[in-house]
Amino acid sequence: MSIVLLCGALYGVMRMAMLCSIPVNRLANCLLAALIAVFALYTAPYIIGYAGYYDAYPWLSFAPYNLTLAIGPLLYAYLTLACGGSLPLPRRQGLHLLPALLQWCYYSYVFAHPTGFKDAWDASVHRPYVEPLETLALLASLTAYLLLAWRDWRRSATRPEWGRNLLLAVGLTGVFWLMLVGAGLTWSGLDYFQRFPFYLWLAMLICYLGNAGYRHGVTPFPKPRLQPGAASRPTPDLAAQAGQWHATISAEKWWRDPELTVTILARRLGTNTSTLSRTLNDGLGLNFNEVINRLRVEAVVRALSQHDPRTVLDIAMAEGFNSKASFNRAFKLYTGETPTAYRRRFDPDAPVSISS
């Protein structure tokens with residue numbers, strides 16, 4: 001049990017370091033890393049306990065591992081940035097984390113005392129009074145911040161799927177926490193080992209947050225909107241906006257990504273899929289697939305005209321096409337020739353087969 005939870009916690013630590021090293025979305029990724037750290041720390045007493053270290057070193061009790069009142073604020077702040085919003089002023093943001101700071105001060109204060117004092121405090125004060133209040137505060141905080149985050153996600157122009165999945169995962173965790181509380185009220189609680197499935201869930205949650213957070217954290221989040229009261233800018237002309245986005249796609253060479261979708265492209269451009277599709281259709285007269293495939297074909301044509309020694313199929317795959325059939329159709333549509341015939345215009349000695 002201890003090793004399984006330890007593996008989850010260590011994996012979380014590795015992902016935290018990776019998140020903090022990403023050059024884009026730095027603040028948001030650091031907030032997610034902090035959220036993973038809170039979950040990993042919360043599993044630490046059970047990692048220690050299942051390994052028997054509390055029996056060997058009883059002075060470890062009340063180590064300040066419990067910072068659960070930071071979960072809601074960190075989740076809300078991260079999702080606000082992921083949806084293209086702005087954080088509150090630093091002073092106000094600090095107030096959100098004040099309960100977690102008080103939590104840390106409490107555990108640090110008790111931890112600094114001798115073991116005998118801690119045992120007496122646990123029996124007479126912590127379990128009967130502090131622990132129920134702490135649990136109630138956790139559930140209230142988690143519920144409030146989940147509702148706020150869900151509201152902001154629904155109001156977001158982009159509504160990132162990752163944000164919804166994150167809310168569902170943390171929401172399920174809150175439900176499981178509530179079930180533990182219910183078990184305590186109904187069946188006089190679960191013992192140390194009966195709680196293992198919940199901490200196993202936390203270990204899986206840590207891995208999920210690390211994996212999915214890193215995968216989405218490398219793509220720039222939408223830019224923050226203007227704050228209320230700020231001067232608004234006029235809506236740009238669709239043709240100009242479409243031209244600007246087309247130039248950005250071309251300059252960044254995003255067409256080379258074979259997994260590129262309209263959703264991914266919208267996130268990179270800081271807009272939503274409906275606005276992107278409408279702007280491209282009305283501003284350029286092209287849909288998403290036509291814009292991307294034209295850029296890919298143009299890149300292949302440039303390579304062929306410059307006598308690129310690679311096979312035509314290798315060039316096509318390097319420029320983002322994911323199959324020979326789709327490349328042939330697009331090339332013939334936009335050039336009126338087959339790839340082989342086009343190459344022979346520049347290199348008469350080129351092989352007949354595009355994959356040879």
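Me: How many disulfides does the structure hold, and what makes a pair of cysteines count as one?

Reply: This is a predicted model, and it holds zero disulfides. A disulfide is a covalent bond between the sulfur atoms of two cysteines. To be counted, the two sulfur atoms must lie within 2.5 Å.

Me: Why is cysteine 207 called partly exposed?

Reply: Its relative accessible area is 25%. Buried would need a value under 20% and exposed a value over 50%, so cysteine 207 falls in between and is partly exposed.

Me: What makes asparagine 29 buried or exposed?

Reply: Asparagine 29 has a relative accessible area of 0%. Because that is under 20%, asparagine 29 is buried. The residue sits in helix α2, residues 26-50. Apart from neighbours within four places in sequence, asparagine 29 is in contact with Leu19, Ile22, Val24, Gly213 and Gly217.

Me: What is the phi of asparagine 25, and where is the residue found?

Reply: Asparagine 25 has a positive phi of about 50° although it is not a glycine. Most residues other than glycine have a negative phi. Asparagine 25 is in the loop between α1 (2-20) and α2. Its relative accessible area is 16%, so it counts as buried.

Me: What is the phi of phenylalanine 62, and in which loop is it found?

Reply: Phenylalanine 62 also has a positive phi, about 70°, and is not a glycine. The loop that holds it runs between α3 (53-56) and α4. At a relative accessible area of 11%, phenylalanine 62 is buried.

Me: Why is α4 called roughly antiparallel to α8?

Reply: The axes of helix α4 (residues 71-82) and helix α8 (residues 161-186) cross at roughly 170° and come within 11 Å. An angle over 145 degrees counts as roughly antiparallel, so that is the term for α4 and α8. On the α4 side the contact is made by Ile71, Leu75, Tyr78 and Leu79, and on the α8 side by Trp162, Gly163, Leu166, Leu167, Val170 and Trp177. By class, these are nine nonpolar, one polar and no charged residues.

Me: What makes α13 and α15 roughly perpendicular?

Reply: Helix α13 (residues 288-305) and helix α15 (residues 324-335) have axes that cross at roughly 85° and come within 10 Å. Roughly perpendicular covers 65 to 115 degrees, so α13 and α15 qualify. Glu290, Asn293, Arg294, Val297, Val300, Val301 and Leu304 in α13 meet Phe327, Ala330, Phe331, Tyr334 and Thr335 in α15. By class, that contact has eight nonpolar, two polar and two charged residues.

Me: How do you know whether leucine 284 is buried, partly exposed or exposed?

Reply: Its relative accessible area is 33%. That lies between the 20% and 50% limits, so leucine 284 is partly exposed. Leucine 284 lies in helix α12, residues 273-284. Leaving out residues up to four places away in sequence, leucine 284 touches Ala242, Gly243, His246, Thr279 and Val291.

How values were computed:
Residues numbered from 1 in each chain as written. Predicted model: local features only at pLDDT ≥ 70, side-chain atom pairs only at ≥ 80, totals over all residues. Heavy atoms only, no water. Helix = DSSP H or I, 4+ residues; strand = E, 2+ residues; numbered from the N terminus. Buried < 20%, exposed > 50% of the residue type's maximum accessible area, 1.4 Å probe, protein only. Contact = heavy atoms within 4.5 Å. Axes fitted to C-alpha atoms, helices over the stretch in contact; angles between N-to-C directions. Parallel < 35°, antiparallel > 145°, perpendicular 65-115°, else oblique. Nonpolar A, V, L, I, M, F, W, Y, C, P; charged D, E, K, R; others polar.
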